[in-house]
2 protein chains.
Amino acid sequence: MTKALLFDVQGTATDFFSTVRDEAVRIDAGRNPEIDWTGFVTRWRAAYFAGVAAVPVDSGTWTSVHSIYRGTLDGLLDEFAIRYSEPEAAELALAWQRLRPWPDAVPGLNRLRTRFTLATLSNADVSAVVNMSKTAGLPWDAIFTAEMAQAFKPDPAVYAMAATYLGLRPADIMMVASHKYDIRAAAALGFRTAFVARPLEFGPDGAVDLEFEDEFDINATDFEDLANKLDC
Amino acid sequence: MTKALLFDVQGTATDFFSTVRDEAVRIDAGRNPEIDWTGFVTRWRAAYFAGVAAVPVDSGTWTSVHSIYRGTLDGLLDEFAIRYSEPEAAELALAWQRLRPWPDAVPGLNRLRTRFTLATLSNADVSAVVNMSKTAGLPWDAIFTAEMAQAFKPDPAVYAMAATYLGLRPADIMMVASHKYDIRAAAALGFRTAFVARPLEFGPDGAVDLEFEDEFDINATDFEDLANKLDC
């Protein structure tokens, strides 16, 4: 029986796209009117994925996600021929630590928390998840992130850590994400799964896989729908 | 400037003494009327401290605090000539995972959370702190425990882990505890300190060090007093 829900954060619980794009537009202040900010954020997110994948396993030192966002930004600014000062670039990189939740996230989680233990299972840094959750009022019972396992999702060690810390069997835990690779990795370890479609994850015209699949225990349109389907 | 507060849980935020004594009395159901339950809980807590101290450093495997409480209980029952079934002993050991907060804890923390990030820094198991916090409504922004550092307080690694996860310097973090060894260990690493007196930690007649000391940044009578002294 499901006792706890684990949530992906960047994309599933929070809207990184509009947060980061709005912050870029604000910091740019009209200096670069020709920039496709949607493409900018999409490229940045892709660079993050490449950066995470390139982190050596068991290197003995941990690479913070903030350092990946910050490190990939300089090349991205070159690519888009944008010139920002170091403080401006640093400020822009911090946008990833202030992600706004999707409108359904807080009300949905407040319903879900009445029946389940709610925790994050994010690749973002602990400090980033703590800070954005506090600002947004995301009512987690616990925050778990890749940093605590010294490995990134979909490494099995990350999911296993969460089960150990919760003191529960994988079969009693449901992984919730808008990314199928994430919940498939959890399913392979015996976790239950919920897919949440996030059509705007990469903006109004973004290419996103929204298809519901029978392989998942639940398919939901948002966190309120997830609460409905879990009888909360 | 203090940005985050770390709280000890067993004794500082929660009243293990009355919780465990009441649970023992309930499970005993009058079968052993001669037992000094105050002495029983005090001895159990002492056995826990001895158990934690005996955990080998860097053994490669983690000893859960639940297993220490459960493991020490059998000897304690023998010592007090109490005969319980295995399910009764298992149920009694779980009392340590359901500790009730002190009456000032939730209202004090709700005031403190308006200005500070609040996290636990407990030697208890992650699952125990998650479960008791959810049941009691303790409004932590994050739960950190010894299990996440694979070392018990006062090992410096535990405090250092919390600073890393919060992304803050020790000087920006205040350790709050009713146990002076705990805040002294944090102070040695540069953390700020708050001592909270808990006169009933070991029951009405318990021997507890309640003396305020100039060496601590704050001395408080409870969490409401701590909120007053931190201008919340």
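**Notebook: domains and chain pairing**

I looked up the domain spacing in this predicted model: the C-alpha centres of domain 1 of chain A and domain 2 of chain A lie 23 Å apart. The bounds, from an automatic or database domain assignment, are 4–15 + 101–229 for domain 1 and 16–97 for domain 2.

I noted that 19 residues from domain 1 of chain A and 15 residues from domain 2 of chain A make up their contact (C-beta atoms, placed from the backbone, within 7 Å). On the domain 1 side, α6(A) gives the most, with 3 residues; helices are DSSP runs of H or I with at least four residues, strands runs of E with at least two, numbered from the N terminus.

I recorded numbering from 1 along each chain as its sequence is written, with chains lettered from A and ligands numbered from 1 in the order written. Local features need pLDDT of at least 70 and side-chain atom pairs pLDDT 80 or more, while totals for chains, interfaces and linings use all residues.

I then examined the chain pair. A rotation of 180° with 0.0 Å of shift along its axis places chain A on chain B with RMSD 0.0 Å (least squares on C-alpha atoms of residues with pLDDT of at least 70 in both). The two copies are thus related as by a two-fold rotation axis. A:Ala142 is the residue of chain A that comes closest to that axis, at 2.9 Å (C-alpha).

I found 14 residues of chain A in contact with 14 residues of chain B. On the chain A side, α6 (126–136), β3 (142–145) and α8 (156–166) each supply at least two residues, and α6(A) has the largest share, 5 residues.

How values were computed. Two residues are in contact if their C-beta atoms, placed from the backbone, lie within 7 Å.
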